[in-house]
Amino acid sequence: MARFKSGLKGGKAIAAVALTLGMNVSTIAPAIMAPFAIAPAASAQTVRFPDVSSNHWAKSYIDALVSQGVLAGFPDGSFRPDAPVTRAQFSSMLQAVYAKSPVRGSINFADVPNNHWAKNSIQNSYRMGFLSGYPGNVFAPEQNIPREQVLVSLANGLNYQSSAATNDVLSIYSDQGSISNFARPAIAAATD
């Protein structure tokens with residue numbers, strides 16, 4: 001069973017998920033991005049990002065997650081609130097929020113070298129059952145992660161199951177026909 005790291009509560013994890021889902025993560029094109037930093041909570045409390053306006057829709061989520069040490073932003077001092085989130089960045093968020101017993105062993109992803117900034121969080125997210133790779137032991141750490149994969153990841157990692165028929169649950173979405181077949185059961189479970 002998943003548990004939150006010390007000091008994190010369910011509402012804080014929900015805020016992390018809400019922020020992740022609200023970000024522009026709808027494309028899968030590869031992106032070269034600077035490492036997404038995780039700062040210690042003590043220093044994170046005073047961070048102000050020049051690219052997060054006081055009326056940005058996610059400002060309260062960003063402030064809360066920064067103060068909890070879940071997010072910190074980029075080395076250049078920006079937060080990039082409307083930028084896509086990569087699989088490596090998402091693995092870092094998962095590691096910051098969840099502490100769950102491993103459900104499988106480690107794997108050596110061919111495209112995650114030992115010196116990759118997110119190697120440990122990628123391994124931990126894989127071992128906890130949140131994220132998987134692609135054929136050929138490929139993780140694609142710099143690939144943007146779409147919302148659909150975020151929900152599949154969370155539903156899988158938290159072992160969510162839907163108590164109703166998948167199509168019935170997904171019928172609440174006007175665009176449910178565009179949900180990929182592989183993701184339908186997990187999104188139904190997350191919705192339920």
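A crossing of two helices is called left-handed if the near helix is turned anticlockwise from the far one by less than a right angle, and right-handed if clockwise. By this rule, helix 4 passes helix 6 in a right-handed crossing, while helix 4 passes helix 5 in a left-handed one. Helices here (H or I, at least four residues) and strands (E, at least two) are DSSP runs, numbered from the N terminus.

The structure is a predicted model, in which local features need pLDDT of at least 70 and side-chain atom pairs count only at pLDDT 80 or more, while totals for chains, interfaces and linings use all residues. Residues are numbered from 1 along each chain as its sequence is written, and side-chain values use heavy atoms, with hydrogens and water left out.

The overall picture comes first. The protein has eight helices and two strands, and along the sequence these follow the pattern β-α-α-α-α-β-α-α-α-α. Of its 192 residues, 46% are buried, where buried means under 20% relative accessible area, exposed means over 50%, and partly exposed lies in between (1.4 Å probe, protein chains only). The accessible surface amounts to about 9,600 Å², and carbon and sulfur atoms account for 54% of that surface; such areas come from the Shrake-Rupley method with a 1.4 Å probe, and for residues only the protein chains shown count as cover. Contact means heavy atoms within 4.5 Å. Among contacts between residues at least 6 apart in sequence, 78% join residues at least 24 apart.

The axes of helix 4 (residues 87-97) and helix 5 (residues 119-127) come within 8 Å and cross at roughly 70°. Axes are lines fitted to C-alpha atoms, for helices over the stretch in contact, and angles run from 0 to 180 degrees between N-to-C directions. Angles under 35 degrees count as roughly parallel, over 145 as roughly antiparallel, 65 to 115 as roughly perpendicular and the rest as oblique. Helix 4 and helix 5 are therefore roughly perpendicular to each other. From helix 4, Ala88, Ser91, Ser92, Leu94 and Gln95 meet Asn120, Ser121, Ile122, Asn124 and Ser125 of helix 5. The residues of this contact comprise three nonpolar, seven polar and no charged. In this sorting, Ala, Val, Leu, Ile, Met, Phe, Trp, Tyr, Cys and Pro count as nonpolar, Asp, Glu, Lys and Arg as charged, and the others, Gly among them, as polar. Methionine 93 also lies in helix 4, and at 6% relative accessibility methionine 93 counts as buried.

Helix 6 itself is mostly covered, with eight of its 11 residues buried. These buried residues are Glu148, Gln149, Val150, Val152, Ser153, Leu154, Ala155 and Gly157. Helix 6 has a further partner in helix 8. The axes of helix 6 (residues 147-157) and helix 8 (residues 184-191) come within 8 Å and cross at roughly 70°, and these two helices are therefore roughly perpendicular to each other. On the helix 6 side, Glu148, Leu151, Val152, Ala155 and Asn156 meet Ala186, Ile187 and Ala190 of helix 8. By class, this contact has six nonpolar, one polar and one charged residues. Within helix 8, the buried residues are Arg184, Ala186, Ile187, Ala188 and Ala189, and they pack against helix 6 and helix 7 (166-170).

Two loop residues deserve a look for their backbone angles. Most residues other than glycine have a negative phi. Asparagine 159, however, has a positive phi of about 55° although it is not a glycine. Asparagine 159 lies in the loop between helix 6 and helix 7 and is exposed, with a relative accessible area of 54%. Arginine 80, likewise not a glycine, has a positive phi of about 60°. Arginine 80 sits in the loop between helix 3 (59-67) and helix 4, where arginine 80 is partly exposed, with a relative accessible area of 26%.
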